[in-house]
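Dear colleague,

Please find the structure below, handed over for your use.

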Amino acid sequence: MGILECFEKCKADAMQNFDPQFVSREIVIANARDAALSEENIDFLESYFDYADEELLRFVWHYYYLLFESDADFFRDIWQLNKIEVPKEAEEKFLGGTKAVIFLLAAENLKKWGHGKDFDEEMLIESYYDRYRYLISLNYMSHETYGLVRLSPFLYGYAKPFMLRVGRLNYQLLGFKDYGELYEDKDGNRIFAALPNYTYGEDGFQANEGFVPFYEKDEKFLTAHVFEFENRGRISLEPRKIDLSVYEKKLEPGDRIITVHIPEGGKLETDAVIKSIKEAQGVFRKYFSPIKAVVCQTWFICPTLRGEIIKDGSNMAAFADLFDCICGTDNENHSIFEHIFKVKKQPLENLVPKNDFQRRVVERALRGEKIYWGFGILKHEYEA
């Protein structure tokens, strides 16, 4: 059942259980202050409640009820949440305000989840508020609002929670990506066989036009193009025959995995990263159903950046080395604006580098060289 059907189906129950004392100015503003939001941000929320009538607050409760009180769970595709349209007039007056209120209320669900568990409850809530502040800052950068116009589905994950902060890193319960299937022999040697879900150019990277990977399997052999970990994450240009009596399938699309997110703040020190990854595997196995792997999809583990942009010996390079990495979809320079320069999307020529790293990134992009979303599978030696 799609999210819009779920939203409509739970409406009667939500309205029957409407709790105006929960959907209140008092709780939202108290959580906003606990989150250390700016006074300007709090004024924005106060003005929202000055405007909000019972009908709008019932919508807030209905949305909250779907996410945190019903049996629905959207962890496999959090972006479905964007299909639910908020009341138009409220959105015009307070851009992103309705979702900003919903996800401040969502801290209450996280408090309830954390109570009595072997978790530092204070750290659990603080990491949620840290994500809230960060996403508000991105919305202010792109839309000049203290609301949540974009990226709010991440907060659903952290408040449910199937996204958690463990030590230095954040983690998300997810299904394995549809790039391919991972096979291993008894010694742990890996083959990542591509599935015919994307097209690839003659350079071995994903492209809008190109060849579709060959994939043919019987009881004894799999014949498929494979991703070459040692060749900058490219796909092979010729299919390879894989002996299934030697190689066993370990991962396929949809398998439950945890994926690593890297919050800003502090150095990406290798010892802290490894400690976090090992602890996170235990946490997710304790509180969620078994996971099959740890993966990471982020821009700077893109193998094509290694050397020129991501220097050997750096913390970023050391992080990438924890994973067997390939090149995924085209980043379309999203990370240049959002993660490196932290500005609205604009012509590359307008970007003014403040350091050598930014200069090298821009010069590379101006030459027409792409950044891909790097996709990595944690190496065996770092598994818990």
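How do the residues of the lining of the largest cavity divide into nonpolar, polar and charged? They divide into six nonpolar, one polar and one charged. Please note that the model is a predicted one.

The cavity and its surroundings

The structure holds one cavity of 30 Å³ or more. The volume of the largest cavity is about 40 Å³. Its lining is formed by Leu 110, Leu 124, Ser 127, Tyr 128, Tyr 158, Met 163, Leu 164 and Arg 165.

On the H8 side, the contact is made by Tyr 128, Arg 131, Tyr 132 and Leu 135, and on the H9 side by Phe 154, Leu 155, Tyr 158 and Ala 159. By class, seven nonpolar residues, no polar residues and one charged residue take part in this contact. Tyr 128 and Tyr 158 belong to the contact between the helices, and both also line the largest cavity.

The loop between H9 and E1 contains Pro 161. The peptide bond that leads from Lys 160 to Pro 161 is cis, with omega near -10°.

The largest pocket

The space in the largest pocket amounts to about 1500 Å³. It is lined by 47 residues, and those nearest its centre are His 261, Gln 297, Thr 298, His 339 and Trp 373. The lining comprises 24 nonpolar, 14 polar and nine charged residues.

Two buried residues

Phe 74 is placed in the loop between helix H5 (54-68) and helix H6 (88-93). Is this residue buried or exposed? Phe 74 has a relative accessible area of 4%, so it counts as buried. Setting aside residues up to four places away in sequence, Phe 74 touches Ile 3, Cys 6, Leu 66, Leu 67, Gln 80, Leu 81 and Tyr 156. The C-alpha atoms of Phe 74 and Leu 174 are separated by 10.0 Å, although the two residues are 100 residues apart along the chain.

Gln 281 is part of helix H10 (residues 270-287). Its relative accessibility is 1%, and Gln 281 therefore counts as buried. Which residues is Gln 281 in contact with, leaving aside its neighbours within four places in sequence? They are Ile 258, Val 294, Leu 378, Tyr 382, Glu 383 and Ala 384.

Two residues with positive phi

Ala 36 lies in the loop between helix H3 (25-34) and helix H4 (39-51). Phi of Ala 36 is near 60°, which is a positive value in a residue other than glycine. With a relative accessible area of 54%, Ala 36 is exposed.

Glu 332 is found in the loop between strand E13 (323-330) and helix H12 (334-341). Here phi is near 55°, again a positive value in a residue other than glycine. Glu 332 is exposed as well, its relative accessible area being 58%.

With kind regards

Methods:
Residues numbered from 1 in each chain as written. Predicted model: local features only at pLDDT ≥ 70, side-chain atom pairs only at ≥ 80, totals over all residues. Heavy atoms only, no water. Contact = heavy atoms within 4.5 Å. Helix = DSSP H or I, 4+ residues; strand = E, 2+ residues; numbered from the N terminus. Nonpolar A, V, L, I, M, F, W, Y, C, P; charged D, E, K, R; others polar. 1 Å grid on protein atoms, 1.4 Å probe; cavity = no way out; pocket = protein on both sides within 12 Å on 5 of 7 lines; lining within 4 Å. Points joined across faces, edges and corners; volume = space filled by probe spheres on them. Buried < 20%, exposed > 50% of the residue type's maximum accessible area, 1.4 Å probe, protein only.
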